[in-house]
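Trainee: Could you walk me through reading a helical fold?
Mentor: Gladly, let's look at the model together.

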Amino acid sequence: MTQKQNGVLEWLQSCETPAPSETKIKAVIVAGKSYMNSSEFNKNSMRDIILNQLQFLPLSFWIVQIILTICAVLLACILGQWRVPFYYPLTILAVMVPFLALLGAIEISKSNIYGMWEIEQSSRTTLVKIVAGRMLIIGVINLFLITVILISMAYIYQKSMIEMVLYGLIPFNISCTCYLFICAKSRTNDSLYHLIACMIFLSGTFSLVLHQRFIFEASMFWGWIGFYVLSIILLGKALQLYLKKEKMIGELIWNLQ
């Protein structure tokens, strides 16, 4: 370093910058919070958030979902050709629906399972909006794939479409409710194991319940309707609880200041 550079460095070190007052520091923090909560900063619409989140869903997730759906439809076709009792395709449904819901739940909650919420929190969109957008994408896709399976089974076994929707969507709603409740209440390190254990339990329970012939009698139709409405209410409560947790995580940084 030359003598001239040493002189400039010594001159810079001799300059004293006055420390900002506590009032100005607080004013800057308040202004920053106000801007980040303003419509100008959060100008991304839900449509933009959904389109943005689509690129972050891995290709393997879509491939596995599509392969499982194709396998379920093919198995239903094969069993239909063999003219086996209706219980066997219902067993496929009882296993496939919780598994598809499990894949979606893991993808939705991966921010917490893999400790990624700090990265997402640094984006211009709040964490709860990111999770809600991801949840909407995966939920619609899962509903579409399950509907494809149900339509195929209704056509193959000549069953009422309304009845098949009830047979498939009630287990789906119950599965999503249980998974969201586990994600909201379990510790981060244990939630993945709890989700897998819950999926195994639900598959066995649904298989056992759907094996009971009396539940398919005409007199039980309104009972299925009642259970479907109840499952939607429980799913709504679980969604509210999970999004509340995500909102609390998203506000954690500001609360620490």
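This is a predicted model: local features need pLDDT of at least 70, side-chain atom pairs count only at pLDDT 80 or more; totals for chains, interfaces and linings use all residues.

Mentor: Residues are numbered from 1 along each chain as its sequence is written, and side-chain values use heavy atoms, with hydrogens and water left out.

Trainee: How many helices and strands are there in the chain?

Mentor: The assignment uses DSSP runs, numbered from the N terminus: helices are H or I with at least four residues, strands are E with at least two. Here the chain has 12 helices and zero strands.

Trainee: What share of the residues in the chain is buried?

Mentor: Buried means under 20% relative accessible area, exposed means over 50%, and partly exposed is in between, with a 1.4 Å probe and protein chains only. Buried residues are 37% of the 257 in the chain. As for contacts (heavy atoms within 4.5 Å), take those in the chain with a separation of 6 or more: 80% of them come from residues 24 or more positions apart.

Trainee: How do I read a helix pair?

Mentor: Two packed helices are described by the angle between their axes and the distance between the axes. The axes are lines fitted to C-alpha atoms, for helices over the stretch in contact, and angles run from 0 to 180 degrees between N-to-C directions. Helix 9 (residues 161-185) packs against helix 10 (residues 191-210) at about 155 degrees, with the axes 10 Å apart. That makes helix 9 roughly antiparallel to helix 10; the cut-offs are under 35 degrees for roughly parallel, over 145 for roughly antiparallel, 65 to 115 for roughly perpendicular, and oblique for the rest.

Trainee: Which residues of helix 9 and helix 10 meet?

Mentor: On the helix 9 side they include P171, I174, C178 and Y179, and on the helix 10 side they include H194, L195, C198 and F206. The residues of this contact divide into 11 nonpolar, three polar and no charged. In that scheme, Ala, Val, Leu, Ile, Met, Phe, Trp, Tyr, Cys and Pro count as nonpolar, Asp, Glu, Lys and Arg as charged, and the others, Gly among them, as polar.

Trainee: How many disulfides does the structure hold?

Mentor: A disulfide is a pair of cysteine sulfur atoms within 2.5 Å, and the structure holds zero. For C198, the closest cysteine sulfur is in C178 at 4.5 Å, too far for a bond. C176 also has its closest cysteine sulfur in C178, at 9.4 Å, again too far for a bond. C198 is buried at 12% relative accessibility, and C176 is buried at 15%.

Trainee: What should I look for in backbone angles?

Mentor: Most residues other than glycine have a negative phi, and most peptide bonds are trans. R83 has a positive phi, near 55 degrees. R83 sits in the loop between helix 4 (59-82) and helix 5 (87-108), and counts as exposed at 73% relative accessibility. Q158 also has a positive phi, near 55 degrees; Q158 lies in the loop between helix 8 (127-156) and helix 9, and is exposed at 66%.

Trainee: Is T69 buried or exposed?

Mentor: T69, in helix 4, is buried, with a relative accessible area of 6%. Not counting residues up to four places away in sequence, T69 touches L145, V148 and I149.
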